[in-house]
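Please find below a colleague's note on the structure shown here.

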Amino acid sequence: IEHPAAKMLVEVAKTQDDEAGDGTTTAVILAGELLKKAEEMIEQNIHPTVIAQGYRMASEKGRAILDSVASKVTPKDHDTLLRIARTAMSSKAASSHSELLGEISVKAATMVAEDRDGKLFVDDDNIQIVKKQGGSISDTKLVEGIIVDKERVHPGMPQQVEEAKIALVDAALEVKKTEIDAKIEITDPSQLQAFLSEEESVLRRMVDQVKKSGATVLFCQKGIDDLSQHFLAKAGIYSVRRVKKSDMEKLAKATGGRIVTKLDELGKDDLGHAKLVYEKKIADDEMTFVTGCKNPKAVSILLRGGTEHVVDELERSLEDAVSVVSVSIEDGKYITGAGSTAMEIALGLRDYAPTIGGREQIAIEAFADAIEVIPRTLAENAGLDPIDTLIDLRKAHKKGNKNAGINVFSGKVEDAKRNQVIEPIRVGLQAINSATDAAIMILRIDD
């Protein structure tokens, strides 16, 4: 995209995705509509600064109206959260499996929710999504622990370890090379043997250190030497090498272990715990599953699907579902969808505009018209007559039915809450915010 104004609209979508995880289309159409209305006003000789001022007032009022129509939700409202997740997936390719995927995303988000200063916080990074093509979408499952995309380093190691004590080491189990170029001269054949056996005993000491700590599973962020592998296999320690840093952090969160950077300092207190660590072949790859962590603050979702494209599309839908559940838990509020809150805001703004008066009033009324683009687009996408639908919606909202929205399947105006079309409040707030900001920014450009 070359045009600067169009680039700004791309930014609107990106911000929306980062902040709320869903509602990108909403934010973009709203910004576009605000600009379209602004153009009409400029033609009537209303100055862009006045329009910007009116838009800003309207957006503040709109956010206040949103807050007043929102309902509360807590992490314990499993059904409500599930509906929010399913609403987010309904417009995407995964909609036919939204029951299963919704259930998984709600479980994952509620498991990793942390309490910080009395506020709940969900970090998406603690939910790991592992894609493997093959199988069907219904084989997708939530693992209460971590999946590491690596196999054990030696076939002599046990294939599964129960009640595993897990050592997380960020150091190589290899003989160190010196930092400076050094040459070792050996003058006597017996020295050579001593040199080799010293090397062996260095590695053996490393493995003994792991054994002494009581660890039965070792995840190593760096390499493990062939000889070390042999000793580890003899000790019956399940070991994995070259684990990604992000996976190490998730393992530490999930198992309660500490990542140790110096092997000599590995002790009993640094070990994490998991009920079961095992290796399993999925598609063509061997993977290590760490399951049954007692307080998993990090979890994994194993996504399956027929082809690569299906799995990628699923991942997008699942990320959206997880984000909307997360922001609902964080904000503790949700609003109804189907164009119902947009109508409620438009109605509120039309009552609010005359109280302001002056030329700003026209801009506020234009904002109210613009926000109706959401139900209008919904009606168009569902193949309904947009004008008739808008008239029916306005009538329902005038009568005081705050949750009246479009049922795209029946083509009638119905209660969105009863139809379980709900979304987190942040989706609406963020869409109004970023759309207004982008529109005002473009209005301030004289060209």
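Predicted model: local features only at pLDDT ≥ 70, side-chain atom pairs only at ≥ 80, totals over all residues.

1. Strand 8 and its side chains. Strand 8 covers residues 217-220. Val217 and Phe219 point to one side of the strand, while Leu218 and Cys220 point the other way. Residues on both sides are buried: this holds for Val217, Leu218, Phe219 and Cys220.

2. Strand 8 and strand 7. Strand 7, residues 160-169, pairs with strand 8 in the parallel sense, and the pairing comprises four bridges. Within this pairing, Phe219 of strand 8 has Leu168 opposite. Phe219 is also one of the buried residues described in point 1.

3. Strand 8 and strand 9. Strand 8 also runs parallel to strand 9 (residues 238-240), to which three bridges join it. Leu218 has Ser239 of strand 9 as its bridge partner.

4. Strand 1 and strand 14. The antiparallel pairing of strand 1 with strand 14 (residues 333-336) rests on two bridges. Here Tyr334 of strand 14 has Ser71 opposite.

5. The sheet 4-13-5. A further open sheet contains three strands in the order 4-13-5, and its pairing is mixed. Its edges are strand 4 (127-133) and strand 5 (141-143), each of which pairs on one side only. From one strand to the next, the twist averages 25°.

6. Strand 4 and strand 13. Seven bridges connect strand 4 with strand 13 (residues 299-305), and the two strands pair in the parallel sense. Lys132 is placed opposite Arg304 of strand 13.

7. Helix 5 (residues 98-112) lies across strand 4, strand 5 and strand 13, and runs at about 165° to strand 13. Helix 9 (residues 308-331) likewise packs on the sheet, touching strand 4 and strand 13. The direction of helix 9 makes about 160° with that of strand 4.

Notes
Residues numbered from 1 in each chain as written. Heavy atoms only, no water. Buried < 20%, exposed > 50% of the residue type's maximum accessible area, 1.4 Å probe, protein only. Pairing = 2+ DSSP bridges. Axes fitted to C-alpha atoms, helices over the stretch in contact; angles between N-to-C directions. Contact = heavy atoms within 4.5 Å.
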